[in-house]
Amino acid sequence: MGATGIRNRIRELRFHAGEMTQQALAERIGVTRQTVIAIEQGKYSPSLEAAFKIAEVFGVKLEDVFQYQGDAEIEVRHND
């Protein structure tokens, strides 16, 4: 699995949620701990359903958890 163009704040949000463990988050959204690790490290893009569930667990909007970085890179290449 390579890096994705999506950045996330899951680790930060887990910290602010009483230092929630990756295992606890995984159980709440119905995935494995390894999946949470891969998403958190930007090595795997979650399904849309999992992304919404993650945002719901933390009580924030989807865009407060995930940010797509690909457009900025494309824009730079077009201006070269």
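User: In this predicted model, which residues of the largest nonpolar core touch the most other members?

Analyst: A nonpolar core is read as a set of buried nonpolar residues joined through side-chain atoms within 4.5 Å. In this predicted model the largest such core has 15 residues, of which Ile10, Leu25, Ile54, Phe58, Val65 and Phe66 touch the most other members. H1, H2, H3 and H4 each supply at least two residues of this core, and H4 gives the most, with five residues.

User: What is Phe58 in contact with, leaving aside its neighbours within four places in sequence?

Analyst: Contact is taken as heavy atoms within 4.5 Å. With those neighbours left aside, Phe58 is in contact with Ile10, Leu13, Arg14, Ala17, Met20 and Leu25.

User: Which residues of helix H2 are buried, and why do they line one face of the helix?

Analyst: In H2, which spans residues 22-29, the buried residues are Gln22, Leu25, Ala26 and Ile29. Seen down the axis of H2, these residues fall within an arc of 100°, so they line one face of the helix. Their cover includes helix H1 (10-16), helix H3 (33-40) and helix H4 (48-58), whereas the face turned away from the buried side carries the exposed residues Glu27 and Arg28.

Definitions and conventions. Residues numbered from 1 in each chain as written. Predicted model: local features only at pLDDT ≥ 70, side-chain atom pairs only at ≥ 80, totals over all residues. Heavy atoms only, no water. Buried < 20%, exposed > 50% of the residue type's maximum accessible area, 1.4 Å probe, protein only. Helix = DSSP H or I, 4+ residues; strand = E, 2+ residues; numbered from the N terminus. Arc of directions from axis to C-beta.
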